[in-house]
Amino acid sequence: MSEELGPFQDFWNAWDEVHDEICGKPFEHFPRAAEIQFREMRGHLDDGDTLAAAREATDVISVALNTLRWLGYGPAEAATIARDRARERMLGQTPSILEKYRSEYDI
């Protein structure tokens, strides 16, 4: 079994048993699943339980990984996409990314 995703490989592996079902979901499944995880995270934060909130944050990562699976990528490709994205889009550019969120989305 591959380990390209480091600590997130276990998430990938856990979802292998329902790979075909995940790949058959409509796109709308994934933003909705992420929304649910963030709502659950908010509840934990409101209760002062940051560890439970952190667990929900890892569930958001799981949703993102399943979105990559749905798009037809495997673990090695997902790892390459993540590394490339961080290097080409984020490294040295995070202030402008935050500014874009502020100016275009008012967050």
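Mentor: Just after helix 4, glycine 72 has a positive phi of about 100°. Helices here are DSSP runs (H or I, at least four residues), numbered from the N terminus. Keep in mind that this is a predicted model, where local features need pLDDT of at least 70, side-chain atom pairs count only at pLDDT 80 or more, and totals for chains, interfaces and linings use all residues. Residues are numbered from 1 along each chain as its sequence is written, and side-chain values use heavy atoms, with hydrogens and water left out.

Trainee: Why is asparagine 66 called buried?
Mentor: Buried means under 20% relative accessible area (1.4 Å probe, protein chains only), exposed means over 50%, and partly exposed is in between. Asparagine 66 has 5% relative accessibility, so it counts as buried. This residue belongs to helix 4, residues 50-70.

Trainee: What is asparagine 66 in contact with, leaving aside its neighbours within four places in sequence?
Mentor: Trp15, Ile22 and Phe30; contact means heavy atoms within 4.5 Å.

Trainee: How do you know that the span of helix 4 agrees with what it should be?
Mentor: The expected span is 1.5 Å times one less than the number of residues. Helix 4 has 21 residues and should therefore span 30 Å, and its end C-alpha atoms are 30 Å apart, which agrees.

Trainee: And what makes isoleucine 107 exposed?
Mentor: Its relative accessibility is 68%, so isoleucine 107 counts as exposed. You'll find isoleucine 107 in the segment after helix 6 (94-105).

Notes:
Helices (H or I, at least four residues) and strands (E, at least two) are DSSP runs, numbered from the N terminus.
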